[in-house]
Amino acid sequence: MAEQSRTRVRSSSAARKDKETPTSDPGAMARRAAELLQSLISHRAEGVTAVRRTDDGWCVAVDVLELARIPDTTSLLATYEVKLDDDGELLEYYRTHRYRRGAADQ
């Protein structure tokens with residue numbers, strides 16, 4: 001189920017967070033990407049699965065919980081790639097794939 005939905009975002013300097021994100025710290029970029037994605041798509045970030053340096057910044061893969069069944073027998077999760085510039089500003093994000101996780105897989 002290889003779905004891709006791309007969303008480009010242009011951030012204004014007014015939307016920039018007060019704190020500086022160290023450009024050499026993959027952990028800081030991973031946290032920043034997870035926070036941004038969670039605020040944009042209104043789903044709970046489950047974790048960061050990959051962080052890589054790109055020519056123009058960073059690319060972070062974030063797993064999110066899109067739907068949880070009650071009782072929790074099956075969950076629908078998705079992996080998004082979040083692209084940040086060197087200052088931690090969002091360039092774009094897109095869903096790379098969706099998958100189901102059953103209670104036995106958790």
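This is a predicted model: local features need pLDDT of at least 70, side-chain atom pairs count only at pLDDT 80 or more; totals for chains, interfaces and linings use all residues.
Strand β4 covers residues 74-85. Of its 12 residues, 10 are buried, so the strand is largely enclosed by the rest of the structure. In a regular strand the side chains alternate between the two faces of the sheet.

Two strands pair with β4. Strand β3, made of residues 57-68, runs antiparallel to β4, and the two are joined over 11 bridges. A point of reference in this pairing is Ala-61, which stands opposite Glu-81 of β4. Strand β5, residues 90-102, also pairs with β4 in the antiparallel sense, again over 11 bridges. Here Thr-79 has His-97 of β5 as its bridge partner.

How many residues lie between β4 and β5 in their hairpin? There are 4 residues between the two strands. Within this turn, Gly-88 has a positive phi of about 85 degrees.

A pair of aromatic rings is described by the distance of the centres and the angle of the planes. The count of aromatic pairs comes to 1. The pair is formed by Tyr-80 and Tyr-93, with 6.5 Å from centre to centre and 45 degrees between the planes, and it is tilted. Angles under 30 degrees count as stacked and those over 60 as edge-to-face, so 45 degrees falls in the tilted class. Because Tyr-80 lies in strand β4 and Tyr-93 in strand β5, the pair ties together parts that are 13 residues apart in sequence. Both Tyr-80 and Tyr-93 are buried.

Terms used
Residues are numbered from 1 along each chain as its sequence is written. Side-chain values use heavy atoms; hydrogens and water are left out. Buried means under 20% relative accessible area, exposed over 50%, partly exposed in between (1.4 Å probe, protein chains only). Two strands pair if DSSP finds at least two bridges between them. Rings of Phe, Tyr and Trp (its six-membered ring) pair if their centres lie within 6.5 Å; planes under 30 degrees apart count as stacked, over 60 as edge-to-face and the rest as tilted.
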